[in-house]
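User: I have a new structure open and have not looked at it before. Can you take me through it?

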Amino acid sequence: MVSKLGWQLVQLGRKLWVRTVAFAVLALFSALVAVLVQDHIPEALSDIIGAGAAENILNILASSMLTVTTFSLSVMVAAYSASTTNVSPRATRLLMEDSTTQNALATFVGSFLFSIVSIILLNTEVYNQRGRVVLFLATILVIVLIVVMILIWISHLSSLGRVGETAGKVEDQAYAALKRHNKYPWLEAQPLQSLQQIPKDAKPVLTNTIGYLQHIDIKSINSWATENNCHAYVAVRPGVFVEPCRPLLWLSPAPADTSSVPLDAFCISNYRTFDQDPRFGLLVLAEIASKALSPAINDPGTAIEIIGRGMRVLSNWQVPSIDKATIQYPQVSVLSLSLTCLFDDFYTPIARDGAAMLEVQIRLQKSLLALAGQRAEFRPHTLRHSAAALARAEHAMAYSEDIKTLKALHQQLCDS
C-alpha cells in the first residue's frame, strides 16, 4: 500500500498547476540552454540562418500562445460547467485531473513563457550569432510540440465534458478501485470480517476531525502498534464519513497512553476520492443515472447505459481470500468491504428514480438476473434488489401489463 506521503504526492501530481509549472520550468530551461551551448556551434551555421529569424517566430508564438491558452481555459471551464449540470459534480473532479487537458494547457503556457523569456534574452544581447542559431532550433522543436498537442487537443475537445465520456471515466475509476480491492482486500493487513471480532477489552481511538476518509497509511499504524505491543483494529474504510463519535480504530491490549496514536495516518477531507474507495465510483455512476432520470433531463437511455456500466464493474468483484503471503502488516486488522454496500450504492438510487419507467426497470431486472448467474455470492443481493425494484414499480406504475412484465422477470430470477 502507498504511504501517506506517497499518496499525497500522487494527489499533488494530479493538480493542473503542478504540470503547468513543470512545463514552464522546462521551457525556461530550454531558453537558457542556448546560452550555455552557443560557443559549441560552428560559425558557418550562423551564416545560414538569419539573425532575426528566431525573434520573428518568437513574437508570433508569444501573441498566439496567449490567445490559445485563454481559449483553452474558457473551453475547459465550459466543459466543467456542463459536466456539473448534466452529469455529476463528483465526476467533474475527474475532468479536472484529465491528463490530456493538463498537458495541453501546460504546453501552451510553457510555450508562451519560452517565447517571452527568449525575446527578453535576445534584447539583452545575451546570445551571440551562434546562440541565436541554437535558439532558432529550439523554437522549431517547440513549434512541432505545439502542433502535435493542438491536434491532440482538438480531437479531445470533441468528447470533453460529454455525458458518455465522463461516465466512461467514472467507470474506469470504479473498475480500477475494485481491482485494487481484489488484490489487497484488507490493505495488506490482517482481515477483520466484522466489528464483533474486536476484543471486548479493546479501547477506541477517536478523532476530532469531521469529513470523509480518503486514505489510510497502514504501514504507519503497524509500526506504532509494534512499538507499543498491541494490535490495531481499523474500524473504518476509505469513503466512510467519520466524526468524533465514530472510532477510527480499536487497540487491544490497550496501552496506558494512547495520545501518540498516529491519527495523521488517516487522511480526512471534505470529499471522497476514487483511489481506495470502490463504493464511490458506483455511487457516482448511480448519481449520473439519477440525474438522467430527473424530469428536467428525462433521458432514460443514459440510465440504461449506466446500468450496463455498473454491471460491468460489479461483475469484477472477487471473494476476498486470506493469503498470508500478502499480509505485510500483521499488527493491524482492517474491516472488510461489504458487497451489500456496493449493491445498495448502485441499484437503490436507480430503482427509486426510475420506478415509473418500464424500459429502465426492465434493464435493471435483466442486469440483476445476469449478475445472479455469475457468482453465488451475488444471488441474495440480486434477489433483494429485484424485489425492491418491483415493489417500487408497482407503486409508481398504473398499467398492469407493465407490472406483469416486471413480475415475469423477477420470477425468472427467483427460479434461476
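Analyst: One term before we start: buried means under 20% relative accessible area, exposed over 50%, and partly exposed in between, with a 1.4 Å probe and protein chains only. By that rule Cys 245 is exposed, because its relative accessible area is 68%. Cys 230 is buried, at 2%.

User: Where does the model come from, and how are things counted?

Analyst: This is a predicted model, in which local features need pLDDT of at least 70 and side-chain atom pairs count only at pLDDT 80 or more, while totals for chains, interfaces and linings use all residues. Residues are numbered from 1 along each chain as its sequence is written, and side-chain values use heavy atoms, with hydrogens and water left out.

User: Back to cysteines. How many disulfides are there in the whole structure?

Analyst: Zero, from a search of the whole structure. A disulfide here is a pair of cysteine sulfur atoms within 2.5 Å.

User: OK, the core. Which residues touch the most other members of the largest nonpolar core?

Analyst: Phe 346 and Tyr 347, out of 40 residues in that core. A nonpolar core is a set of buried Ala, Val, Leu, Ile, Met, Phe, Trp, Tyr and Cys residues joined through side-chain atoms within 4.5 Å. Helices supplying at least two residues each include α8 (163-183), α12 (339-353) and α13 (358-372). Helices (H or I, at least four residues) and strands (E, at least two) are DSSP runs, numbered from the N terminus.

User: What does Tyr 347 touch?

Analyst: Leaving out residues up to four places away in sequence, Tyr 347 touches Met 311, Leu 314, Leu 364, Ser 367, Leu 368, Leu 371 and His 385. Contact means heavy atoms within 4.5 Å.

User: You mentioned α8. How far apart are its end C-alpha atoms?

Analyst: They are 30 Å apart, which agrees with the 30 Å that 21 residues should span at 1.5 Å a residue. The expected span is 1.5 Å times one less than the number of residues. Among the buried residues of α8 are Gly 168, Leu 178 and His 181.

User: How many bridges join β1 to β8?

Analyst: Four, and the two strands run parallel. Leu 192 has Leu 335 in β8 as its bridge partner.

User: Last one: what does β3 pair with?

Analyst: β3 pairs antiparallel with β5 (residues 241-242) over two bridges, and antiparallel with β7 (residues 266-269) over four. Tyr 212 stands opposite Phe 241 in β5, and its bridge partner in β7 is Ser 269. Five of the six residues of β3 (residues 211-216) are buried, so this strand is largely enclosed by the rest of the structure.

Notes: Two strands pair if DSSP finds at least two bridges between them.
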